[in-house]
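Trainee: Could we go through this structure together, slowly?
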Amino acid sequence: MGARKSRCCWKVLLLVQIGRSNGFIYCTRNTPPNEVGGMMVLKIWWSIRSFWISIFILLLFSLWLGLPTYRKWKVDRLVDELCTKDGGSKVYETVILPVEKFDGLGLVYVPPQSDVKPTDEYYETNKITWIIPESNKFGSLDLFRSHTKIYRIADGKLISEHVSYARRGGDPILIPVHPSSYSCKDKSQYYKQPFIKHDRVKNEPTK
């Protein structure tokens, strides 16, 4: 009977292998059956503990990544709503300019009022209104309204204005990348609206 128990004990050893000495506890011929049962209970307890530790780590990671992503998604939808209601361009006068004034993207550079040179014909002003206040903290989420106006220097006339909304930041902390952003989708059309290329005017059919 004792030999049978010893053989049974050795088979349990191959299945259990609980760490005590050099990483494992080895069941020997002299290991009593009650200690084998204790090792099995300890193995089950360790497995359950490891499972819940994994669940806890997964939950923390989901909160770390999921909450900022959800906040960004909500603010981005707010940006879309504000852009639809208030965003876009208003052109009060179309200006014909020579082709060399346009860059490769078909845009015209208009300097800010503080950088105007004697050779410049137009300047722009820009007013930023913070809806979700700007924060200097890394990973902060900011939402702002940008109102840009273009004036002609010769007579000071307002020829165009543009309103846009944008979200900046809100990414999970500890990610060493440039903050993400989201803005009105028609932003690239701003400089194209008040200005028309001179050759385009000449090639247009006469009505």
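This is a predicted model: local features need pLDDT of at least 70, side-chain atom pairs count only at pLDDT 80 or more; totals for chains, interfaces and linings use all residues.

Trainee: Which residues make up the largest nonpolar core?
Mentor: The largest nonpolar core has ten residues in all, and they are Val75, Val79, Leu82, Cys83, Leu141, Leu143, Val163, Tyr165, Tyr182 and Cys184. At least two residues of this core come from each of helix H2 (33-86), strand S4 (141-152) and strand S5 (158-169), and H2 gives the most, with four residues.

Trainee: And what is Leu141 in contact with, leaving aside its neighbours within four places in sequence?
Mentor: With those neighbours left aside, the contacts of Leu141 include Arg71, Lys72 and Val75, as well as Ile132, Pro133 and Arg167. There is also a second, separate core of nine residues, among them Phe102, Val110, Tyr122 and Ile150.

Trainee: New topic: is His147 buried or exposed?
Mentor: His147, which lies in strand S4, counts as buried because its relative accessible area is 16%, and the cut-off for buried is under 20%.

Trainee: Which side chain does His147 join in a polar contact?
Mentor: The side chains of His147 and Glu161 are joined by a polar contact of 2.7 Å. Not counting residues up to four places away in sequence, His147 also touches Thr125, Asn126, Lys127, His162 and Val163.

Trainee: How much space lies in the second largest pocket?
Mentor: That pocket holds about 210 Å³ of space, and of the 13 residues that line it, the closest to its centre are Lys101, Tyr109, Pro111, Asp120 and Glu121. Its lining divides into seven nonpolar, one polar and five charged residues.

Methods:
Residues are numbered from 1 along each chain as its sequence is written. Side-chain values use heavy atoms; hydrogens and water are left out. A nonpolar core is a set of buried Ala, Val, Leu, Ile, Met, Phe, Trp, Tyr and Cys residues joined through side-chain atoms within 4.5 Å. Buried means under 20% relative accessible area, exposed over 50%, partly exposed in between (1.4 Å probe, protein chains only). Contact means heavy atoms within 4.5 Å. A polar contact is a pair of N or O atoms within 3.5 Å; within protein, one must be able to donate a hydrogen and the other to accept it, and residues adjacent in sequence count only if both atoms are side-chain atoms. On a 1 Å grid over the protein atoms alone, a cavity is a set of points where a 1.4 Å probe fits but cannot get out, and a pocket is an open set with protein on both sides within 12 Å along at least five of seven lines; lining residues have an atom within 4 Å of a point. Grid points are joined across faces, edges and corners, and a volume is the space filled by probe spheres set on the points. Ala, Val, Leu, Ile, Met, Phe, Trp, Tyr, Cys and Pro count as nonpolar, Asp, Glu, Lys and Arg as charged, and the others, Gly among them, as polar.
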